[in-house]
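Here is a short briefing on how the parts of this model are arranged. The structure comes first, then the points by topic.

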2 protein chains.
Amino acid sequence: MEVTIAEDQAIDLHKKLEIFFHVKEENHEFCPVRDIMDRFGDKWSLLAILNLGNSGKTRFNELKGKIEGISQRMLTVTLRSLERDGLITRTIYAEVPPRVEYELTPLGKGLLQQIMELAQWAANSMDEIVKARMDYDSKLQ
Amino acid sequence: MEVTIAEDQAIDLHKKLEIFFHVKEENHEFCPVRDIMDRFGDKWSLLAILNLGNSGKTRFNELKGKIEGISQRMLTVTLRSLERDGLITRTIYAEVPPRVEYELTPLGKGLLQQIMELAQWAANSMDEIVKARMDYDSKLQ
DNA sequence: CCGTATCCAACAGGATACTG
DNA sequence: CAGTATCCTGTTGGATACGG
C-alpha cells in the first residue's frame, strides 16, 4: 500500500516534469523557475511576504522592526517591487504624520502558502542537510 | 462547502505561521526562509535540481547542455554546493576519458517536489503578475 | 571530459544624509 | 513617519586559460 502511494507520487511528479519541460520547449522565453528566482530570489522579498502574512495590515516602520537587519532603503525597494507585481497593496492615509499601510493581496497570499510549504520542508530537512555538510567537510581533512 | 474549505485552509495557514514565528523566537539563529534563500536563492541551484529530476543520472557536459547559459565554472560550483548539502551524489568512473555522473538523492528529490509546486504556482500566476506590472507601470506615465 | 585558477565587470544592497 | 538621493563596498558570476 505504501509502495503504491509512493509509485503514484513518482508518476505524478514525472508527468508534471514532462509538462513543465514541454512548456519550456514550446515557448523558449518562458521558464517558471528562472522567473521565480529572478523575482523572489533576492534577500528580502520572501521575508516581507512572510511577515505581512503573519501581521496582516502593517505600517512601514512596524514592518522594518519585524524584518531584522533590513535597511530603510531595501525595505522601500522590496515593497515597491512586490506592489508592482500585484502581491501587496500600499495604502496612504492623508494624515500628519503620514501613515502608510501594506497588506498582502489574494495573489500574495497564494505565494505565502507556497513559501510556507518550502519553509516547512527546509525546517524538516535542516538537520539532514547540516549532517551531510559536516560529513562532506570532514572528508576534505 | 467551498467556504468551509477556504476557512479551514486559512486556519491551517495561520497555525503554521504561528508555529513558524514561535520557532524563530525560541532560536534566534534559526530562520528557514533565510536559510532557503541562502542555499537555493542563487542563479543555478534550482535549475540544476530540476534538470537532474527530469533526466535522472546525468553527466557533467550533458547537464551543461541542458541548463541554458550556465558556464562551466558555475556548473561546477553549483554541483559541489548541492553535493555538500546531500542533495545530489557525484560518481566518478575511472575511465579514459573520465566520466562523472550526478544524481538526486532522496533528499534532493524532496526538494524537487517543493520546487515543482512553486514552479506550478508561478506558471499559473504569471499572467496575473504580468498584468499587475503593466497596470503599475502605466500609472507612472 | 571534467574540471581548477585567475581575473574582472556588474549589480545588489548597506551607510549616511536629506525631504515632504 | 515614510520615504529619496547619493555614495560606496562586497559578492556573484562570466570569460578565459590551463591541468589531470
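Helix 5 of chain A and helix 6 of chain B are roughly perpendicular to each other (65 to 115 degrees). The model is predicted: local features need pLDDT of at least 70, side-chain atom pairs count only at pLDDT 80 or more, and totals for chains, interfaces and linings use all residues. Residues are numbered from 1 along each chain as its sequence is written, chains are lettered from A and ligands numbered from 1 in the order in which they are written, and side-chain values use heavy atoms, without hydrogens and water.

**Helix contact between chains**
- The axes of helix 5 (residues 72–84) of chain A and helix 6 (residues 106–138) of chain B come within 8 Å and cross at roughly 115 degrees.
- Axes are lines fitted to C-alpha atoms, for helices over the stretch in contact, with angles from 0 to 180 degrees between N-to-C directions.
- Arg80(A), Glu83(A) and Arg84(A) meet Ala132(B), Arg133(B), Tyr136(B) and Asp137(B); contact means heavy atoms within 4.5 Å.

**Symmetry**
- A rotation of 180 degrees with 0.0 Å of shift along its axis superposes chain A on chain B, with RMSD 0.1 Å.

**Sheet**
- Chain A has an open, antiparallel sheet of 3 strands in the order 1-3-2.
- Pairing needs at least two DSSP bridges; helices (H or I, at least four residues) and strands (E, at least two) are DSSP runs, numbered from the N terminus.
- Strand 2 and strand 3 (residues 99–104) of chain A pair over 6 bridges.

Conventions: Angles under 35 degrees count as roughly parallel, over 145 as roughly antiparallel, 65 to 115 as roughly perpendicular and the rest as oblique. Copies are superposed by least squares on the C-alpha atoms of residues with pLDDT of at least 70 in both.
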